[in-house]
Amino acid sequence: GSSIYPLILKVVAIIVSACGVVLWYLRKLGGMELKEEENLREQLLSGVDGFLVVDLVRDRILQGTEELMKPYGKGASYSQLLMLWEQERIPADYQMYTLSTMSVEAMTEDFRKGIKTKVVEYPEVDKDGHMSWTECEMKIKEDEQRLIAYNIYRDISNKKQMEMLLKEEAEKDFLTGLYNRSGCMKKVEQILQSQEQREGRKHAFVLLDLDNFKAVNDNLGHNVGDRVLQDVAGILKEHFRDYDVVCRLGGDEFVVIIIDIADEAIRKKLNSLLKELRLTYTEGKISVSVTASAGVALIPDHGQDFEEIYEKADTALYSVKENGKNSFEIFREDFIKK
């Protein structure tokens, strides 16, 4: 009988040892999870303006910065808070976008698709009408029976301002400061898609070409040629309204998009413009005179995209060039040779 005790003691020792290993492993695992959590938190909170921790299953805010949780506070519904932001802070054009990307449903669906990190950028307007830009970085983790979203908010107004400046520079002509071809195309597309366009307003697409410009470069040099282009740009900006769009497509080819104007007003405006564009340049004993010709297409009557509208204006311009220059024509179907 006594011989069984050493065996029992050995079994107990093995069990105790095994339990020790399990406990050590669990502690280590718990430590790793804790460390992972701390790393995640540290990573998330670098350069942060605010954060929310959201239980997506219960639609509850677990933690967050006081400024973001106003007026509901901890434990409130995240959906309710998001709806309040939409009403008070998010411009109407962005409300559908933010709701479809930042809602509980959207984040849950993302997680199901394997998307655990997402970044959304949107504008906010304060009570004084001042606009800023916010970046929300969403990281979603599964925690037992819970699905937790760590939403980190950063003010990216400076970054957005720089992006817009670079974008604007990419759409501007270096020599004259006017919109270039890319900028012009974008403006035409915006006009075609605008609410005002749908309400039946008409706009004039005026394609201008300088007569005798080659003689300036050939006889007076390219520096004078550049000055001519800059002078023409200045005259165009001065002659038209601030909200009309003035562009240089390249070479001596310019475009003016006159917003919301009747046919008769176009004629009056262009007659006075062409008089202003009768210019003479002199270097020593050599003088060269420059005038302008213009072809006009109407938006949307003469096309539904930039290329079609440009082509009609160019056809009208060709008719002017064939018939003496220094004049303008509004596109007619009979200009197209059969």
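This report describes a sheet, a pair of helices and one further helix in a predicted model.

Five strands make up an open sheet, in the order 2-1-5-4-3, with antiparallel pairing. Strand 2 (60-64) and strand 3 (117-125) lie at the edges, and each of them pairs on one side only. From one strand to the next, the twist averages 25°.

Within this sheet, strand 4 (residues 131-143) and strand 5 (residues 146-155) are joined by 10 bridges in the antiparallel sense. One of the residues involved is D143, whose bridge partner in strand 5 is R146. Helix 3 (residues 78-88) packs on the sheet and touches strand 1 (50-55), strand 2, strand 3 and strand 5. The direction of helix 3 makes about 140° with that of strand 1.

## Helices 9 and 10

Helix 9 (residues 213-220) packs with helix 10 (residues 222-239) at an angle of about 145°, and their axes are 7 Å apart. Helix 9 contributes F213, V216, N217 and L220 to the contact, while helix 10 contributes H222, V224, G225, V228 and L229. Six of these residues are nonpolar, three are polar and none is charged.

## Helix 12

Helix 12 (residues 306-322) has 17 residues and spans 24 Å from its first C-alpha to its last, close to the 24 Å expected at 1.5 Å a residue. At its start, a side-chain oxygen of D305 comes within 3.2 Å of the backbone nitrogen of E307. Just after the helix, G324 has a positive phi of about 110°.

The buried residues of helix 12 include F306, I309, Y310, A313 and L317, and K312 is also among them. The elements that these buried residues pack against include helix 7 (181-193), strand 6 (203-211) and strand 10 (286-299).

Key. Residues numbered from 1 in each chain as written. Predicted model: local features only at pLDDT ≥ 70, side-chain atom pairs only at ≥ 80, totals over all residues. Heavy atoms only, no water. Axes fitted to C-alpha atoms, helices over the stretch in contact; angles between N-to-C directions. Helix = DSSP H or I, 4+ residues; strand = E, 2+ residues; numbered from the N terminus. Contact = heavy atoms within 4.5 Å. Nonpolar A, V, L, I, M, F, W, Y, C, P; charged D, E, K, R; others polar. Pairing = 2+ DSSP bridges. Expected span 1.5 Å × (residues − 1). Buried < 20%, exposed > 50% of the residue type's maximum accessible area, 1.4 Å probe, protein only. Polar contact = N/O pair within 3.5 Å; in protein donor to acceptor, adjacent residues only side chain to side chain.
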